[in-house]
Every structure is written in structure tokens, then in C-alpha cells.
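Me: I would like to learn how to read the features of a structure like this one, step by step. Could we begin with what burial and exposure mean, and then go on to pairs, helices and cores?

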Amino acid sequence: MRRAIFAGLRFTSLRLRLVVVFALVALTAAVSASGIAYWLNREAVLTRTQDGALNDFRQEMQNRAATLPLRPTEDDLRRTADQMASGSAGYSVLLLGERDAGKPIIGASNPDTFTLADVPESLRVAVDTARPATDGESSPYHLFWQRTQRGKTPYLVGGTRITGGGPTGYMFKSLEAERADLNSLAWSLGIATALALVGSALLAQAAATTVLRPVHRLGEAARKLGEGELDTRLRVSGTDELADLSRTFNSAAESLQKKVADMSAREESSRRFVADMSHELRTPLTALTAVTEVLEDEQDDLDPMIAPAVALVVSETRRLNVLVENLMEVTRFDAGTARLVVDVVDVADQVTACIDARAWLDAVDLDAERGVMARLDPRRLDVILANLIGNALKHGGSPVRVSVRTEDGELVISVRDHGPGIPEEVLPHVFDRFYKASASRPRSEGSGLGLSIAMENALIHGGSITAANSPDGDGAVFVLRLPQDDEQDEQDEVEER
């Protein structure tokens, strides 16, 4: 289960990529929308608060500060500042006047909250600078404002001056309430963004399931088709691209099934033809073999002009007999009717018997200790050894060395000659049927089936044969490997029954 979960979460998974893409798109859209909404609301809130406070302050300056005498007292300034700050705008006021020329006085509505030190120097310079009158502002002294921060609290500071030598006024309003509202808005937008992200992931999961379910069914159908279930078809519903893909798959599967059926029928017909032909040839070959044996016995008494022809007939009849037997054996392998008749044998005795039966004792050097037991088919082992050793004697060079050993639970029999070796371009084809290394000599004593039959006999045992050149460059080495484990024994017992 853990492996399945990790497989589904790997980045190469189409499901995960769909979820990630949906999530990124939703996150980008949500963040962009939330950012724009926050910025617009922030400007709207701050502008509304700022304009309300500044307009109220401007009106208070005109209504109250402008009525002060030219040389107001500190009490006058403080009392006026209190009156200006007592409105609903909620700001503190600082008024600057002159008792005498060059002697400023200050009146503050709340000296503990707002002092002249809280007014930025740049704002004070802007407020005290007279400017030419314009269409929008007839007074030479304009109203200026600036946002500042004291500690962690944001404030709005504004100021203006009464013309004609009147006092200069500054207002100081806290924006803490607006900041709290904007923080609440930011949290709300953040939660909405997170919900949008989760919703997009769920939507992507649902979309991925909808899209990938047909793809999964298509993959399962393709797997079954690859395993040989050629009647596999997909249920087609809808008119979308996946439905078209399913129809294409069904069409391809139907075409493949038809072609495989045609090929199987032709292959079966070919196997039946070879088997029937080989079977029909055995009867005349039996008669020919009997006649050639008589001719061979009388060969010394024949006319010298006829003797070579008789020898050729005897040789070719024997070759034809071997070819027919090999064709019959190949047909049994292709038809799947070849069976093992297993027995527990001493491998050294089997190898010795094979060599002795063919009078190869003088040409073969055997390295095999008695007591190496194996469960196998003695007749098929004899066929394998006869082909490998005969091939080494025919195409290699003496002496031919045969060694028997066990290695990692396997029976290993190697056959090595001391000839020129096998050309590199020939090595991949030595076990192919009817393959001969020299195309200029298609007619030779062998049929080109011996090594392929040896390989088939090794495979039916669950083993294999490999061919290579000796590392020292002296001859070729064929290695037969047959299993000796209990699992192979049980399989052999089942096939034997």
C-alpha cells in the first residue's frame, strides 16, 4: 500500500501534475484577486478616513482658528485646540501662534499625545511656505498631510496656516482602527485564498479521476493485450477524445487479433506440413536405408566406376535421415508436445556414455568426477552433448575438452575446442535454425539444426547454452547450464506425470 501511495505521489504521476497545475492556477488567481481587493479596499478606507479628517480640520481652522486675535494667548490657543479636537473626527490639534514678533506660543488639545516633535520637518516646511494662488486654491497657504508611524501605530498628520498672520494648525489622527480593519480584511482574504486552493485541489482530484479512469482502463486493456488476451476490448461511451481513443484501440486490437489468428493458422499449417512431410519421408527413408546398408556391404565388390556413386548415395541417405529426424524433433518443440522423461543420473556416466557411443574417446578429454547427480532427461542430455561435442570436433580443433562441475546450484558442462574460434559476427546466430557461418558453402554435412535443437533441449530443462570464444583466443567454448534446485525437480515431476 505504501508503495502504491508513493507511486501515485511521484512527480511523474499525471494525477499529481494535474493537482499541482490546478493548485498553482487557483493560487495565482486567488492571490492576484486578493491582492487587488486588499489594495483597493485599503486605498478606499484610508482615503475616506483621510479626506474626512482633513476636510473637518480645514473647516475647523476656518471657523475657529481664523477668529483668534492676531496675538492670541496660550490659553486662547489651547481652548481653541480643545474645541477643534472635540468633534467626531477624533484627532488631536496643535496650534502655533506668536505672542510678540519672534516669540512663538503653542496650544495643544492633548500635550501628552501630540507635540510639535511629532510633526515631520518636511511637513512643517511645506505648511510654512507661501505659494501662488491657483484656480483650485486661492489661499497662499495650502493644506498638507503626511502618513507617519510612531512605534507600531500609524498616524495621519496634516497642517495648514491661516493667512494674514493667523496661527498655524496641525492635526494628528490615529489610523489604528483602520489598520485593524485592514488586517481583518487581509485575514479574510487569506482564508478565502486557502479555501480556494483546497477547492482547486479537490476539483483537480475529481477532474483527474474523471480523466484518468478511462486512461487507466486503456492501460489495463493494453497490458492484457500484451499478455496475449487478444479479445480485450474497451467499452466506448461519449464523443470526446478519450472515446475516439478507445475506438482506435478497439480497432487496432481487432486488426491485431485477426492478423495473429491468420499468422497462427499459417504457422500451424506450416508445422503440420513439416510434420506430415517428415512422417511421410520416414517410410521411403527406411527402405532406402536398408538398401544403402546392403550396397555399403557390397561396396568392395562393385565396379570401381560405380563405387563412388554408391558411397555418395549412402552418405546422402544418412544425411537425409538425420535431417528428417531433426525436423521431426523441431516440429515437436514448435507444437509444444516435447516432454521430459526425467531420471536421477550420474552426469559423468552420461557424458562418458555419449562419447563412447560415438567413438570419440580418443579425441575428447573428459574432466568429470563421478558422484555428480542430477535429475534430468538422459536422452535429451545425450542429444545436447552429441551436438556440442560433435560441433567442436567438426569445426574446432583437437583436443576437445569436456568438463563437468556444479556452481551456485547449477550443473555446468563446458565444451571447449582448440580451433580458430567463432567469428564475432557469427556468435549471435550460432543457435539459429539452418544458420551456417559460410554462405558460400550452403551444402555441408550438417543440417544447421543441431545447435538449435540442443538449445531447445536445454530450455525445456529450464537451462541455457552460451557460446563464446576462449579468453586466450584459442578455440570456442560452449557452456551448458541446467538447474539443480528443488523447484526445478518439482516442475520436472509434474511434467513427467
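Reply: Let us start with the scale for exposure: a residue is called buried when its relative accessible area is under 20%, exposed when that area is over 50%, and partly exposed in between. Please keep in mind throughout that this is a predicted model.

Me: Which residue does Arg64 meet in a salt bridge, and is Glu60 buried or exposed?

Reply: The general idea is that side chains of opposite charge can pair when their charged atoms come close. Here the side chain of Arg64 meets that of Glu60 in a salt bridge, with 2.7 Å from N to O, and Glu60 is buried, at a relative accessible area of 15%.

Me: How many salt bridges are found in the whole structure, and where do Glu220 and Arg223 lie?

Reply: A search of the whole structure gives 18 salt bridges. One of them joins the side chains of Glu220 and Arg223, with an N to O distance of 2.8 Å, and both residues belong to helix α5 (residues 176-226), where they are 3 residues apart, about one turn of the helix. Glu220 is partly exposed at 31% relative accessible area, and Arg223 is likewise partly exposed, at 39%.

Me: What does the salt bridge between Asp382 and Arg358 tie together?

Reply: In that salt bridge the closest N and O atoms of Asp382 and Arg358 are 2.8 Å apart. Asp382 lies in helix α9 (residues 378-395), whereas Arg358 lies in the loop between α8 (347-357) and β7 (364-367), so the pair ties together parts that are 24 residues apart in sequence. Asp382 counts as partly exposed at 23% relative accessibility, and Arg358, with a relative accessible area of 31%, is partly exposed too. Elsewhere, salt bridges that share partners join Arg405, Glu407, Glu410 and Arg481 into one network.

Me: Turning to helix packing, how do the axes of α7 and α10 cross, and which residues meet there?

Reply: To read a pair of helices, one can look at the axes, then at the sense of the crossing, and finally at the residues in contact. The axes of α7 (residues 307-335) and α10 come within 11 Å and cross at roughly 35°, and the crossing is left-handed. From α7, the residues Asn326, Glu329, Val330 and Phe333 meet Ile453, Glu456, Asn457 and Ile460 of α10. The residues of this contact divide into 4 nonpolar, 2 polar and 2 charged.

Me: Is Ser452 buried or exposed, and which residues is Ser452 in contact with beyond its neighbours in sequence?

Reply: Ser452 lies in helix α10 (residues 450-460) and is buried, with a relative accessible area of 6%. Leaving aside neighbours within four places in sequence, Ser452 is in contact with Phe431, Asp432 and Arg433.

Me: What makes up the largest nonpolar core, and which element gives the largest share?

Reply: A nonpolar core is a set of buried nonpolar residues joined through side-chain atoms within 4.5 Å. The largest one here has 36 residues, and those with the most contacts inside it include Val347, Ile389, Leu411 and Phe478. Among the elements that give two or more residues to this core are α8, β8 (373-376), β10 (410-416) and β12 (476-483), while α9 provides the largest share, 7 residues. Taking Ile389 as an example, and not counting residues up to four places away in sequence, Ile389 touches Ile355, Trp360, Val364, Val402 and Val415. A second, separate core has 20 residues, including Leu46, Met84, Ala89 and Leu95.

Me: Finally, how should I read the backbone angle phi, and what is the phi of Ala359?

Reply: Most residues other than glycine have a negative phi. Ala359 is not a glycine, yet its phi is positive, about 60°; this residue lies in the loop between α8 and β7 and is exposed, with a relative accessible area of 68%. Asp408 also has a positive phi, near 55°, and is found in the loop between β9 and β10, where Asp408 is exposed at a relative accessible area of 78%.

Terms used:
Residues are numbered from 1 along each chain as its sequence is written. This is a predicted model: local features need pLDDT of at least 70, side-chain atom pairs count only at pLDDT 80 or more; totals for chains, interfaces and linings use all residues. Side-chain values use heavy atoms; hydrogens and water are left out. Helices (H or I, at least four residues) and strands (E, at least two) are DSSP runs, numbered from the N terminus. Buried means under 20% relative accessible area, exposed over 50%, partly exposed in between (1.4 Å probe, protein chains only). Contact means heavy atoms within 4.5 Å. Axes are lines fitted to C-alpha atoms, for helices over the stretch in contact, and angles run from 0 to 180 degrees between N-to-C directions. A crossing is left-handed if the near helix is turned anticlockwise from the far one by less than a right angle, and right-handed if clockwise. Ala, Val, Leu, Ile, Met, Phe, Trp, Tyr, Cys and Pro count as nonpolar, Asp, Glu, Lys and Arg as charged, and the others, Gly among them, as polar. A salt bridge is a side-chain nitrogen of Lys or Arg within 4 Å of a carboxyl oxygen of Asp or Glu.
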